[in-house]
Amino acid sequence: MRHTIAVLVEDRPGVLARVAGLFRRRGFNIESLAVGITEKHGVSRMTIVVSGDDRTIEQVTKQLNKLIEVIKVSDVSKNSVERELALVKVSATPQSRAEIIEIANIFRARIVDVARDSLIVEVTGDEDKISAFIDLMKQYGIKEVTRTGKIAMQRGSKALE
Amino acid sequence: MRAADAIIKALEKEGVKHIFGIPGGAIIEVYDALFDSGIKHILTRHEQAAVHAADGYARASGKVGVAFATSGPGATNTVTGIATAYMDSSPIVVMTGQVARSLIGNDAFQEADITGITMPVTKHNYLVTDENELLKTIKEAFHIAGTGRPGPVLIDLPKDVTTAEVEFDYPEKITLPGYRPKYRGHPRQIKKAAELIMKAERPVILAGGGVILSNASEELTKLAETIPAYVATSLMGKGAIPETHPLSLGFIGMHGTKYANYAVQESDLLIAIGIRFSDRTTGRVSDFAPDAKIIHIDIDPAEIGKNIEIDVPIVGDAKLILQELITNITYRKRKEWEDRVEGWKKSYPLRYRKDDEKIKPQYVIEKIWELQPDAIITTEVGQNQMWAAQYFKVKRPRQFITSGGLGTMGFGFPAAMGAKTAFPEKQVVDIAGDGSFLMNVQELATCVDYGINVKVAVLNNMFLGMVRQWQELFYDERYSATCLRCKEMSIEKIAEGFGAVGMTVEKPSEVEDALKEAFEIDAPVVIDFRVDRLENVYPMVPAGAALHEVIDEEV
Ligand SMILES: Cc1ncc(C[n+]2csc(CCOP(=O)(O)OP(=O)(O)O)c2C)c(N)n1
C-alpha cells in the first residue's frame, strides 16, 4: 500500500537530511518527497509518499514524530487533493508540433518553451494524469522529464497544524 | 562576554560538576574558559573513553553526563561512545569543536561533519551557526537529553562562535513545538490493563532499562507484590527489582535464566515495562510468549508495536503509570502458577562445573558479589558480561552498568571511571574480558592521574571468548581470529607501567584473597585472573531460536 504523509517541520538547517536519513536508516521506502514553505513563518511542509503495510506506516509516523523538529505528522492518503507538476521536453517536428499542442490542450498542459525541434510542456495533475500524458508524448520522442513529487492536502476546512 | 565563558557559565547553571574530554585547536577557547571554572575536567586519553565515562556517570547518577572533544578526529572518536549511549537511552551532552564558520565545507584542517555523522545515533544534534543561538541551544540540549526517553545530544561549536561576544542571558524557558513527551498514561488504558491483570492466571512482568531510567523501581516491586507476579528483566533492566527478591526471575534472553525464559514463554499475560523487545531478549519473535496477552508501558510511542504486537499500549512515564495501575489492583494468589515457577527455579538454577585447578570465571564473579554486594558493577562485552549478569545479584537500580544495545567492547572500564567520579566513596568494579579491556586500557593513566580508584577484574581467557564460543558451537571449532595468543602479555605489568596496581591470579584458592586485597588498596587495581580458557556461557538460546529452546551443559 502507498501512503501520502504530510509532515510539518521547523524550518531549520539539516531537517531534510534528518527526515531522509530516518527513512534510509530504518529501511522505509520513499517514493517521493516534496518540500516547501507554508503560510507560517519558520514552518515547512514535506509531502512524503511511502509504500509499506499498516505496521510500517505506523512506524514511519511514530519515528517521524520522534524527531525534535517535527511538529505534526498526518496521513493524508484518503480524501485529499493530490497534485504533481512535470516538465516534459519533447521532440517536435513541423509535422508533429500541432498534434503535441492539441494533446497538451486536452490535458490542460501549457507550452512553456518552444525551440526549433522541441517543446517544453508543463503539466500538473494527479500522478495518473501526468503518467498518461508522458506516455502519450513518448511517440514523439521525449528528451527529458522532471517531476516534482506529489503534494497533497485534505479536502474540507480542517487544516493540519 | 566571550561565548566560551558563556558556555561554561551555562554548564554551571545546568549543575554540571564534571566534564570528561580532550582539548584541541577548535575547542581551545572553551577549555580556556574552563580554566577558571569550578567544574572539574577529567582529561581522558581517548575521546571514546570520555564519552563512555560521561555515560557511566549518567547511568550511575541519573544526571546528564558531559563530554568535550575537539573537531575532526576528536569528534569522530566520540561516535562509538555516542552510539552506545543512544542505544541504551543514556542522557549525555557532547560538545565538539568545529572549524570556523567561514571554513565549514572546505575540507579545512581537522574538519569533520560531525552533526551529519552522528545524526542517526543522537536523540538530537546541533551545529551552532549563530552565537546568539548558543545559550538557547545549550538549554535545549540538556532538556532534550534528560527528559522523555533520554538520549545523547551533540552540540558542534565552530571556533569563531566560541570567540564571539554574547550577552549572558540564559533562557529559563524552552520552546520546542515538536517535542512534547507524554508522561501521564491514558486512564482508560490503565483500567484495561488492570482488568487483564486481575483476570490473568499466569502473569509475568518484563521490566527493561526504562524502569531504571524513570526511577520506577519501587513502584515496580510494589506492583509485583500486589498482583503478585514474577518479574523477569532484560539485561538493561537488571536492578529494577532486587535480584534477591523472591519474585525476581533474573534476566531473560539469550543467556538469561531458564526459569525466566520458561515463565515468559508460558505466561498468559506479560506486563512489559520500559523494554524495547530487542532480539537478544525475545528470541524468535514468532514464538515469543505465544499464549500471552501483552501490556506495554513505554514513554516512547515508537517502541510500542515495533517488534511485538501489543494488546494494551500505555504511553507515558513508567513511574506515574505504575503508581496509578497499583491502585486498580488487588492481591490474588495463583497457587498453581507459583508452584510451577518455583519448580523451575529449583530444577534449573544457574550453575557451573566447579574446579579446584582452574579458575572458573563464574567463581570470580560470585566472590566479587560475596565481598562487595553493594559495589557498582560495570562490564565489558562478551562472556564476561553475560557471566556478570548471571552471577552478580544486583540489589538496586543503577548498580549494574553495561552496554546492552550496542554491545560495545571497551565500554566498561571508562564507564567505571565515570561511575566512580559520580560516587567516589563506592566500590566500582569493571568485570572485563582481556580483549575488551585492551580496547580502552590507556584510561589507566587517567585513573592514576586523578586517583579514580576503580578495580578491574579481567577474566583472562586469552580469547575473544564469546566469539570463540559461537565458533565452537556453530562453526566446527574453526577458531578464526579469536585466539589472542598473548601468553607473553602481562596485564600486571601493563597496570604497573601506568602507575596502577597489577596482580596476577592463577589458582582458584587465591581468588578471594586477591579480591580482598584489591578492595583494600586505595589505588586503581587491575587483577589478571587466568581463567579456564574454554569455559562457555550457559544456558544459551541460539540466535534465531525460541526462548525455551535452550542449550545447556551437564554439570
Ligand atoms: C568494539 C567491538 N568489536 C567487536 C565486537 C564483537 N565481539 C563481541 S564479544 C567479543 C569477544 C570479547 O572478548 P573479551 O573481551 O576477551 O571477552 P570474553 O568474551 O572472552 O569474556 C567480540 C570480539 C564487539 N562487541 N565490540
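Let me start with the ligand, which has 17 residues around it, the closest being B:Q383, B:G407, B:G435, B:S436 and B:G465, where a residue counts as near if one of its heavy atoms lies within 4 Å of the molecule. Please keep in mind that this is a predicted model, in which local features need pLDDT of at least 70 and side-chain atom pairs count only at pLDDT 80 or more, while totals for chains, interfaces and linings use all residues. Residues are numbered from 1 along each chain as its sequence is written, chains are lettered from A and ligands numbered from 1 in the order in which they are written, and side-chain values use heavy atoms, with hydrogens and water left out.

Which classes of residue make up this shell? There are seven nonpolar, nine polar and one charged, with Ala, Val, Leu, Ile, Met, Phe, Trp, Tyr, Cys and Pro counted as nonpolar, Asp, Glu, Lys and Arg as charged, and the others, Gly among them, as polar. In chain B, α17 (383-391), α19 (434-438) and α21 (465-474) each supply at least two residues of the shell; helices here are DSSP runs of H or I with at least four residues, strands are runs of E with at least two, and both are numbered from the N terminus.

Turning to individual atoms, a polar side-chain atom of B:S436 lies 2.6 Å from an oxygen atom of the ligand, and a polar side-chain atom of B:N461 lies 3.0 Å from a ligand oxygen. For B:F463, a polar backbone atom is 3.0 Å from an oxygen atom of the ligand. Taken alone, the ligand exposes 590 Å², and the protein buries 76% of that, with areas from the Shrake-Rupley method and a 1.4 Å probe.

Elsewhere in chain B, B:E338 sits in helix α15 (residues 335-347). Is B:E338 buried or partly exposed? B:E338 is partly exposed, because its relative accessible area is 28%, and that class runs between buried, under 20%, and exposed, over 50% (1.4 Å probe, protein chains only). Leaving aside residues up to four places away in sequence, B:E338 touches B:Y230 and B:K333, a contact being heavy atoms within 4.5 Å.

Finally, chain A has four helices and nine strands, and 43% of its 161 residues are buried. An unreviewed UniProt entry annotates residues 4-78 of chain A as "domain: ACT", given in the numbering used here with feature names shortened, and such annotations may be inferred rather than shown by experiment. Over residues 4-78, chain A is 32% helix and 41% strand, and the end C-alpha atoms are 8 Å apart.

Methods
A polar contact is a pair of N or O atoms within 3.5 Å; within protein, one must be able to donate a hydrogen and the other to accept it, and residues adjacent in sequence count only if both atoms are side-chain atoms.
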